[in-house]
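This report goes through a few local features of one protein chain. Look at the sequence and the structure below before reading on.

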Amino acid sequence: MSLPTSTHYDKLIARAQTLEPAACAIAHPCDEPSLSAALEARDLGLLQPILVGPEGKIRDTAAQFKLNLGDARIVDAPHSHAAAETAVGLVRNGEASLLMKGSLHTDELMHEVVARTTGLRSGRRISHVFIMEVPTYAEPLFITDAAINIFPDLETKADIIRNVIDLHLGLGLGEPRVAILSAVEQVTPSIPSTIEAAALCKMADRGQISGGLLDGPLALDNAISPDAARIKGIRSPVAGVAQVLVVPDLEAGNMLAKNLTFLANAEAAGIVLGARVPIILTSRADSPRSRLASCAVAAIYASHLGQQQARPLA
């Protein structure tokens, strides 16, 4: 079944095409989905790929699936671990301003990203965001963190929220409405995520988290359904119209994103934040449009970060 054109993703892709394509190190693009995504993103002007992995295998994959490598730069690396290490090194030395996962395990790539002396750590904890295109929801729906932090503590959740707020602002989508999810909307001592949600909202009140409107705890229905929020008597600028869903833990977030994808015909672009550069983190199950949207999001955000770094101090 063909789905209708993804309006939100189209806007992101079109905006990214107005930017100078950024160099992107792709770690081990040795299967058809990852290699074709990198080359299509190049052809659309979203990025300039640097293909890092076994050169023979990359060329064999391109030949097998009739993919045009053109003048794409290939950096030979003997195996996936070396490809991850080399790709991260290209970012560290300034040859690439984006990093993308190819056909290797996420843990293998992230191990190199978080390495203390040779990785891409910044002052923030690293987190993942799904940018969901949900046919029944009026806006892009950001879900975080559903891929990196398994059981985040309060400080990690604060950075997860800071990361996603910065992304939302950096994409030009304005001040985000952030719902901190739990099973219920009351602060309940027996459900720790409700206490953390309340603490995070108070941190926002005190300026420890800025740039977004926060509310929580909120059950999922109260976060995204105006009718549910009204029936429960919840009055806030976030309840019922959330743009960002902060989940209690990875299990909840992963199941939420996959439920939307496989039961509601949603699409999920993915990006990792909190490192020195945005990291495009895709899955073999992603659609081609989702992969391109991930590239577009990363390109736009990398441009935003570059402009911030180049801005002179007042």
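## Backbone features

Pro-217 sits in strand β8 (residues 213–218); helices (H or I, at least four residues) and strands (E, at least two) are DSSP runs, numbered from the N terminus. The peptide bond that joins Gly-216 to Pro-217 is cis, and its omega is near 5°. A cis peptide bond also runs from Thr-144 to Asp-145, with omega near -5°. Asp-145 belongs to the loop between β6 (141–144) and α6.

Lys-66 lies in the loop between α3 (55–64) and β3 (73–76). Its phi is near 55°, a positive value in a residue other than glycine.

## Basis of the model

The model is predicted: local features need pLDDT of at least 70 and side-chain atom pairs count only at pLDDT 80 or more, while totals for chains, interfaces and linings use all residues. Residues are numbered from 1 along each chain as its sequence is written, and side-chain values use heavy atoms, with hydrogens and water left out.

## Packing of α6 and α7

Two packed helices are described by the angle between their axes and the distance between the axes. For helix α6 (residues 154–170) and helix α7 (residues 192–205), the angle is about 55° and the axes are 10 Å apart. This makes α6 oblique to α7. Axes are lines fitted to C-alpha atoms, for helices over the stretch in contact, and angles run from 0 to 180 degrees between N-to-C directions. Angles under 35 degrees count as roughly parallel, over 145 as roughly antiparallel, 65 to 115 as roughly perpendicular and the rest as oblique.

On the α6 side, Leu-154, Glu-155, Lys-157, Ala-158, Ile-161 and Arg-162 make contact (heavy atoms within 4.5 Å) with Ser-193, Glu-196, Ala-199, Leu-200 and Met-203 of α7. The residues of this contact divide into 6 nonpolar, 1 polar and 4 charged. Here Ala, Val, Leu, Ile, Met, Phe, Trp, Tyr, Cys and Pro count as nonpolar, Asp, Glu, Lys and Arg as charged, and the others, Gly among them, as polar.

## The largest pocket

A pocket is an open set of points on a 1 Å grid over the protein atoms alone, where a 1.4 Å probe fits, with protein on both sides within 12 Å along at least five of seven lines; lining residues have an atom within 4 Å of a point. The largest pocket is lined by 32 residues, and Thr-282, Ser-283, Arg-284, Ala-285 and Asp-286 lie nearest its centre. Helix α10 gives the most to this lining, with 6 residues. The lining residues divide into 12 nonpolar, 12 polar and 8 charged.
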